Amino acid sequence: MSNIPKELKYASTHEWVRNEGDGIFTVGITEHAQDLLGDMVFVELPEVGANVAAGDDVAVAESVKAASDIYAPIAGEIVEVNEDLEDAPETVNNDPFGDGWLFKIKAEDPSEVESLLDAEGYQAVIDEE
Amino acid sequence: MANRTPLYDAHVKAGAKMVDFHGWDMPLNYGSQIEEHHAVRNDSGVFDVSHMTIVDVAGIDAKPFLRYLLANDVAKLTVPGKALYSGMLNEQGGVIDDLIVYFFTDESYRLVVNSATRERDMEWIHGVASDFKVTITEQPSLGMLALQGPKAEEKLKLVLGDDAFAPVAGMKPFMSEQVGDYFIATTGYTGEKGYEIVVPGDKVEQLWDDLLNVGVQPCGLGARDTLRLEAGMNLYGQDMDESVSPLEANMGWSVAFEPADRKFIGREALEQQKAAGHAKLVGLVMKDKGVLRHGQKVIVDGGEGEITSGTFSPTLGFSIAMARVPASVGETAEVEIRKKLVTVSVVKPSFVRQGKSVLA
C-alpha cells in the first residue's frame with residue numbers, strides 16, 4: 001500500500017502539490033510514481049524564471065527503467081528547483097514527499113490548486129491502474 | 001497462473017518486487033537495483049536463476065550430436081567439468097538460443113539454456129536428436145543460484161565449510177564440479193568472479209538462506225540486466241534472436257569454423273554471410289545526461305542501426321548501450337533520444353570487468 005499524505009493535492013499524472021503560503025507551491029512525484037519508475041538516475045529540472053501552463057511537460061525523471069515526463073500541475077512561474085537532485089537523484093526514491101521535491105511554482109491563480117485531486121481521489125486513480 | 005521457482009516465498013519474504021518474466025514470477029529488485037548492482041561489483045550478490053532450463057544429454061552419440069547442433073565445437077572440451085559458451089543456430093544461421101554446455105565425458109553433457117526460449121529449444125533439440133543415439137533429459141526439479149562478486153568465493157567457503165569447499169577452491173573460470181548435492185560451476189552473467197550452483201529444488205531455499213545469513217545481497221532481474229550489459233553480454237530476444245546471426249551479435253568468437261570439415265547447423269549460411277559482409281554489434285557510450293534505451297535509432301557513417309540494449313551504468317555513472325549498425329560505422333554515432341540527436345562514442349561492446357572500467 002502506497003503512502004498518500006492527506007494534506008497534499010495530486011495530479012492524475014502522479015505529481016503532488018504542497019501549499020507553502022504566499023501563492024508558492026512545491027511539486028514532487030508521489031511514492032507510487034517513484035516505485036513504478038524504480039531507481040532514479042537523472043532528474044532534468046525546469047529553468048528558474050520559466051513561465052509554465054498547467055499540463056506542460058516541465059521536467060524529466062529518468063530512472064533505470066524509463067524516462068518519464070513530469071507535468072506542471074498548475075500554471076505559474078518556476079521560482080526554485082531542487083538542485084541537490086543533480087548529485088543525488090535517488091533522494092526522489094528515498095524521500096519522495098520530503099527532500100525529493102522537484103520544483104516550486106508561484107501560482108498564477110492559487111485557487112487552481114483546488115481543482116486538483118485530494119488523497120482519496122488520487123488513491124482512486126491508482127486503484128484503476 | 002505464472003510459474004514460480006522454489007524460492008518464490010523467500011523472495012516475497014526478502015521484500016522483492018515480483019514481475020512477470022516470460023511466464024515466470026521473478027524478483028525485479030528487493031528495494032534498490034542500483035545497490036544490488038554495487039553489491040555484486042564490490043562484495044557479493046545472489047540471483048535466483050531456477051527458471052533457467054537444464055537439459056542433460058547422454059548416449060554414445062552425445063559428442064557428434066552436440067558438434068552438429070552447436071556453432072561452437074564441444075570437441076574443444078577434454079577436461080571433465082569444463083564449460084563452453086555457444087549459439088544454437090537454425091539453417092539460416094539465426095540464433096535459436098545461446099547456452100552453456102558442460103562436458104563430463106564424450107557420452108555425457110549438460111546444457112543450460114534460456115527459460116524464455118524453453119519450448120522452442122526443446123522442440124529443436126529433440127528434432128535434431130532424432131538422427132542420433134542420444135537421450136535428452138530435462139531437469140525441471142533442479143533449482144539454480146548465481147552467486148557473483150569479488151567476495152563470492154569467501155562467502156561460498158563460509159557456507160559450505162572447508163571440506164566441501166576444497167574441491168572448488170581456486171577453480172578456474174568455466175569449470176564445474178559436483179560436490180555432494182551441489183553442481184558448482186565458475187560461470188555467470190555479471191563480469192565478476194563467482195559461481196552458478198545447481199541444487200535439488202527442495203534444497204535451494206536452504207542454500208539461499210545460508211548465503212543471505214553470511215551477508216550476501218539478494219539481487220533481482222534489474223541488477224542482472226545492468227551487470228550483464230556492463231560486461232558486454234548479450235540478452236537473448238533483445239540483442240539477438242532467430243533473425244540475427246552470431247556474426248551480427250558479437251558472438252563470432254563462439255563460432256568454431258575450424259576444423260573445416262565439421263558440419264554444424266547454420267555453417268553454410270554463416271560462411272556466405274562472412275563473405276558478403278554483415279552488420280555488427282558495437283558498444284555506445286554517452287557521457288551527457290540521459291539514458292540510451294532499447295529501440296532508439298542510431299545514425300552512423302554509411303547507414304542506420306538500432307540500440308538493442310541500453311541502460312544507465314551504475315559502475316561508470318553514465319549511459320552505455322549495445323547497438324547493431326552497418327559495418328561502416330566510425331568512432332562516433334548519433335542517437336535519436338526523445339526527438340533530439342545526441343553524439344555518442346562507439347566502442348567495443350564491453351564496458352566493465354571485475355569491478356573496473358575497460359573503456360580506454
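In which strand of chain B is the place of B:Glu196? B:Glu196 is in strand E12, residues 194-200 of chain B. The views below come from a predicted model in which local features need pLDDT of at least 70, side-chain atom pairs count only at pLDDT 80 or more, and totals for chains, interfaces and linings use all residues. Residues are numbered from 1 along each chain as its sequence is written, chains are lettered from A and ligands numbered from 1 in the order in which they are written, and side-chain values use heavy atoms, leaving out hydrogens and water.

**View 1. Chain B as a whole.** Chain B has nine helices and 21 strands; helices (H or I, at least four residues) and strands (E, at least two) are DSSP runs, numbered from the N terminus. Its radius of gyration is 20 Å, close to the 21 Å that the globule rule gives for 360 residues, so chain B is as compact as a globular protein of that length. That radius is taken over C-alpha atoms, and the rule is 2.2 Å times the number of residues to the power 0.38. Along the principal axes, the C-alpha atoms fill a box of roughly 55 × 50 × 40 Å. Of the 360 residues in chain B, 56% are buried, where buried means under 20% relative accessible area, exposed over 50%, and partly exposed in between (1.4 Å probe, protein chains only).

View 2. With 8% relative accessibility, B:Glu196 counts as buried. Leaving aside neighbours within four places in sequence, B:Glu196 has contacts (heavy atoms within 4.5 Å) that include B:Ile100, B:Tyr102, B:Met144 and B:Phe183. B:Thr187 and B:Gly188 are also among them.

View 3. In chain A, A:Gly49 lies in the loop between strand E4 (40-44) and strand E5 (51-52). A:Gly49 is partly exposed, with a relative accessible area of 36%. Not counting residues up to four places away in sequence, A:Gly49 touches A:Glu77 and A:Ile78. From A:Gly49 to A:Lys106 there are 57 residues in sequence and 9.9 Å in space, C-alpha to C-alpha.
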